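Here is a friendly tour of a structure, taken one topic at a time. Have a look at the picture, then read on.

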Amino acid sequence: MRRRPRGFLAALVVAATAGAALAQAPPGERRTGYELLGPTTKAMQDDDMANPGMLWVLDGEALWARPAGSAGKACAGCHGDAAESMKGVAARYPAFDDKAGRPIDLEQRINQCRVDRQEAPALARESRELNALTVFIARQSRSLPIEDVVAKDERLKPFLEAGKALFERRQGQLNLSCAQCHEELWDKHLAGNTISQAHPTGYPQYRLEWQTLGSLQRRLRNCLIGLRAETYAYGAPEYVDLALYLMWRARGLPIEAPAVRP
Amino acid sequence: MSRALISVPPKAKKGEVVQIKALIQHVMETGFRPNSSGVLLPRDIITSFKCLYNGTEVFACEMFPAMAANPFLTFHTLATESGTLEFQWTGDNGFSVKESAKIQVE
Amino acid sequence: MTGMTRRDILHCAAGGAVLLAVRPAAATPAAMQEAIRQVVGSARLTPGRMQLSVPPLSENGNTVPCTVTVESAMTAQDHVKAIHIFNEKNPQPNVISMQLGPRAGRASVSTRIRLSETQTVTAIAQMSDGSFRSHSANVIVTQGACLEDTP
């Protein structure tokens with residue numbers, strides 16, 4: 001059987017409960033999950049020819065060029081070269097959408113074009129196609145800093161607040177908040193993982209645990225399951241609000257999609 | 001459709017040892033893993049891979065369920081002459097993928 | 001922390017252990033020895049002049065990078081014919097068997113393997129003169145936190 005220090009999580013819960021008021025790490029101390037990786041996992045992310053996430057980028061590139069739907073149009077037909085048209089896009093999502101009257105994430109934005117412009121059925125959340133298109137678009141923003149979208153669009157403010165409240169709320173049978181792990185206990189070990197500051201810089205990402213590429217919502221769902229809290233349906237506004245808050249916390253950090261994480 | 005990423009240096013000197021990297025998309029379902037109702041998911045893996053250099057086999061391998069998903073391999077070959085490197089993966093359920101890359105040897 | 005038992009607290013990190021319990025019997029060190037015998041026959045295994053490199057502590061047992069390098073001139077007369085990797089405790093002892101030859105130029109290969117738990121991994125090199133070399137390494141496999149439900 002795998003060995004791990006029993007009772008560790010119990011000790012961690014106590015430590016978190018006894019913790020002082022929550023403070024966000026100041027910008028200088030913000031660290032992406034990448035910095036906490038072991039050398040071999042870092043190497044896997046760094047080399048495009050060894051990073052399994054790049055297989056989905058290739059998939060996305062093919063889908064980008066392929067006509068679909070009753071309009072018979074490809075993404076490329078309207079948007080041209082993604083290296084130009086999609087550069088920086090992933091660094092400023094979730095973004096406010098007039099039609100929805102609230103922020104939507106990149107996956108939802110892609111599906112809007114699928115439905116409205118290509119006249120094709122929406123792609124399912126976590127489907128290989130949607131993850132591939134999303135990672136292909138996110139890849140075009142690699143190394144670009146995450147934008148402070150809230151500063152540029154006041155309408156996002158209430159949703160940012162909602163996301164922050166979700167992040168700080170204790171939940172689940174473990175009665176822990178996201179912030180307790182990701183702001184007070186980052187750099188500590190939990191089972192085999194080092195807890196990070198939860199910066200969403202590398203999504204969609206290749207997670208060794210999943211053995212595949214997955215979205216930020218899938219990662220958030222994993223943390224909720226870990227807390228034995230209720231999960232939301234994929235695409236739920238709660239996930240988008242959380243994502244908005246996480247992106248805002250990570251503003252200025254570079255996009256690294258597709259990241260590799262344990 | 002399974003994607004593959006192949007890295008071969010486009011140019012090499014005659015007699016130089018070059019490194020080749022091959023990454024392919026595949027779940028590598030072990031056949032030992034139960035689904036949520038306890039039923040074992042049937043095995044679905046890549047069982048063999050080979051690399052031909054202008055038709056001659058320079059590397060081959062047999063793989064088992066203990067290979068990680070999306071199998072990754074690196075190996076070396078002597079740059080002997082200009083031509084084509086061919087890569088072939090085969091596996092369960094008729095899985096078969098071929099890719100190729102050019103190398104210029106001077 | 002009302003209504004929370006120690007069991008609940010541990011659940012998040014222990015979820016995977018439950019899954020392991022329903023897996024079929026794992027290979028044993030003896031099964032690995034048997035699989036190695038299948039390859040080397042009655043020949044002697046000599047340690048040294050080759051290196052199996054694996055991270056001593058893997059971040060996730062699903063993908064453990066490993067590299068095998070064998071000291072060899074890689075000439076027509078003296079080269080590595082094959083490299084095999086075995087494990088002790090997965091359901092099956094074989095991992096991969098690679099065929100090389102003088103055209104390789106250098107006997108150094110790498111791949112990524114799965115390890116169900118902490119165990120010893122052994123690499124065997126089959127030389128052109130009929131001899132065999134081996135090198136083993138122990139890998140500590142830690143379990144990921146907060147695992148999700150299986151498909």
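Across the interface of chain C and chain B there are 0 salt bridges, where a salt bridge is a side-chain nitrogen of Lys or Arg within 4 Å of a carboxyl oxygen of Asp or Glu. This is a predicted model, in which local features need pLDDT of at least 70, side-chain atom pairs count only at pLDDT 80 or more, and totals for chains, interfaces and linings use all residues. Residues are numbered from 1 along each chain as its sequence is written, chains are lettered from A in the order in which they are written, and side-chain values use heavy atoms, leaving out hydrogens and water.

**Where chain C meets chain B**

- The two chains bury about 2700 Å² between them, with 55% of it on carbon and sulfur atoms; buried area is the accessible area (1.4 Å probe) that two parts lose on being put together, summed over both.
- Between chain C and chain B, 16 residue pairs are in polar contact (both at pLDDT 80 or more). A polar contact is a pair of N or O atoms within 3.5 Å; within protein, one must be able to donate a hydrogen and the other to accept it, and residues adjacent in sequence count only if both atoms are side-chain atoms.
- On the side of chain C that touches chain B, strand 6 (94-99) and strand 7 (108-113) of chain C each supply at least two residues. Strands (E, at least two residues) and helices (H or I, at least four) are DSSP runs, numbered from the N terminus.

**Helix 12 of chain A**

- Of the 13 residues of helix 12 of chain A, 11 are buried, so this helix is largely enclosed by the rest of the structure. Buried means under 20% relative accessible area, exposed over 50%, and partly exposed in between (1.4 Å probe, protein chains only).
- Those buried residues pack against several elements of chain A, including strand 2 (102-104) and helix 6 (106-117), with contact meaning heavy atoms within 4.5 Å.

**Salt bridges inside the chains**

- Over all chains, the structure holds 18 salt bridges.
- One of them joins Asp241(A) and Arg102(A), whose closest N and O atoms are 2.9 Å apart. This pair links distant parts of the chain, with Asp241(A) in helix 12 and Arg102(A) in strand 2 of chain A, 139 residues apart.
- Asp241(A) counts as buried because its relative accessibility is 8%, and Arg102(A) counts as buried at 19%.
- Another salt bridge joins Asp105(A) and Arg125(A) (2.8 Å, N to O).
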